[in-house]
Amino acid sequence: MKLKRMRSALLGGALAALTAGTAWAEAEIKLVFGVAGQPTWGFGKLLTDVIEPNLEKYSDGRIDLEVHQRGALCSEAACMEQLGLGQIDMTTVSAGNMGAFGKTFDILNLPYLFKGQQEAETIMRGWLSDELAKQAAEEMGIHVLATVSSGGFRNVVNTEREVRVPSDLNGLKIRVTKSPTEFNLVQGWGGVPIPYAWASLYEGLQSGVVQGMYLQDVFVSAAKFYEVTKFVTRVESSYSGRPVMMSKQRYDELPDWAREAIDKVAVDIANEALNFDLAWQEEAVAAMQDKVAVYVPTETELAEWSKGAVDAWVAVKGTYDPALARRILEEQGQTELIGLLEEAGAL
C-alpha cells in the first residue's frame with residue numbers, strides 16, 4: 001500500500017511539474033498585429049526579422065505577437081478602426097491614410113517638407129518622431145512606437161512622354177488619391193488630377209483613362225505598373241512615412257515589464273527601419289531597370305517643381321502646424337521655399 005501511495009504521489013508530482021512547465025512556457029499576453037502590407041515589403045521584413053523576435057526576447061517569451069499581413073485582418077483605414085475598437089493591438093498605417101483619424105501626421109504629406117531621405121531621417125530621429133508621438137497621444141489616443149520611412153519619396157510616372165518640368169505635365173490625366181494635398185499638388189504642376197481607385201489603376205493606365213500617377217518606385221514595381229507606363233521623373237517631393245502604433249489605453253493597461261519590452265522594440269524599430277526600407281527601394285529600382293525611362297531633374301528644374309508645390313500647402317492650410325513646418329524647413333536651410341510659402345500665406 002505504501003509503495004502504491006508513493007508511486008501515486010510521484011506520478012502526481014510529475015504531472016504537476018509538467019503542467020507548471022507548460023503554463024510557464026505559454027505566453028502571458030497575446031498581442032495581435034494587423035497590417036495591410038506584404039511580408040516582402042520593407043516593413044514586412046522589419047516586422048518578421050526584428051519586431052516579432054525581439055519582442056519575444058525582451059519579454060522572455062511572455063508576449064506572443066500574432067502577426068497578420070497582406071490585409072488578412074484589415075486594410076489601412078480598417079486597421080485604424082479595429083485598433084480603436086480593440087480588435088487588434090498593433091498596426092502601422094501610412095501618413096497619407098491617417099488624416100481621417102486626426103491631423104497629427106498630415107504635416108508629413110506636405111511636398112518638399114524634406115530635401116531628401118537623409119534629411120528626413122535626421123530630423124525624424126532627432127526630435128520629430130517624439131513630437132508627433134506626443135501630439136498623437138493627445139489628439140488620437142494612440143501610443144506611437146516610432147514613425148518611420150515607408151517606400152521613399154513620390155515621383156511622377158506617366159505613359160505618354162518625358163516630363164522634365166511641371167509645364168510638361170500640362171493636359172496629362174494623373175491619378176491621385178483622395179488626399180487634398182495630392183490633388184492640389186498635381187493641379188499646381190499643370191496636370192489634371194483624377195481621383196482613381198488603386199484596384200483599377202493598372203487597367204486605367206492601360207486604357208488611357210488615366211495617363212500617369214504620383215507614386216513611389218516601390219509600388220510602381222510591386223504592382224508591375226512599369227508594364228503599362230514608360231516614363232518616371234524623380235521629383236521626389238512627398239516623404240512617405242508611417243507611424244507604428246497601438247492604442248494608448250491598451251499600452252497603459254499592460255504591466256510594467258510588458259511596456260518595457262515594447263519600449264525596447266520601439267528603439268529597434270527607429271534604428272532599423274530605414275535599412276529595411278532602403279533595401280526595398282533598391283530592389284524596386286532594380287526591378288524597373290530598362291523597363292521605364294527615368295529622368296532626374298537638374299537643380300534649376302527642381303526649383304520649378306518646388307515652386308509649383310506651394311499651391312498644395314495653401315490648399316491644406318489649417319491641417320498642419322505652421323510653426324512646426326517652419327522649424328523643419330529651417331533646419332534644412334530651405335530659405336527659398338520658406339519665402340515662397342510666406343508670400344503665399346502658407347506659413
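I looked up the lining of the second largest pocket and found nine nonpolar, four polar and five charged residues. Here Ala, Val, Leu, Ile, Met, Phe, Trp, Tyr, Cys and Pro count as nonpolar, Asp, Glu, Lys and Arg as charged, and the others, including Gly, as polar. A pocket is an open set of points on a 1 Å grid over the protein atoms alone, where a 1.4 Å probe fits, with protein on both sides within 12 Å along at least five of seven lines; lining residues have an atom within 4 Å of a point.

I noted that the model is predicted: local features need pLDDT of at least 70, side-chain atom pairs count only at pLDDT 80 or more, and totals for chains, interfaces and linings use all residues. Residues are numbered from 1 along each chain as its sequence is written, and side-chain values use heavy atoms, without hydrogens and water.

I recorded about 480 Å³ of space in the second largest pocket. Of its 18 lining residues, Tyr112, Lys115, Leu302, Ser306 and Gln334 are the closest to its centre. Helices H10 (299-308) and H13 (335-344) each supply at least two lining residues; helices are DSSP runs (H or I, at least four residues), numbered from the N terminus.

I then turned to the largest pocket, which holds about 1,400 Å³. Its lining has 49 residues, and those closest to the centre are Glu76, Ser94, Gly96, Asn97 and Thr177. Helix H5 gives the most to this lining, with four residues. I sorted the lining into 24 nonpolar, 18 polar and seven charged residues.

Methods. Grid points are joined across faces, edges and corners, and a volume is the space filled by probe spheres set on the points.
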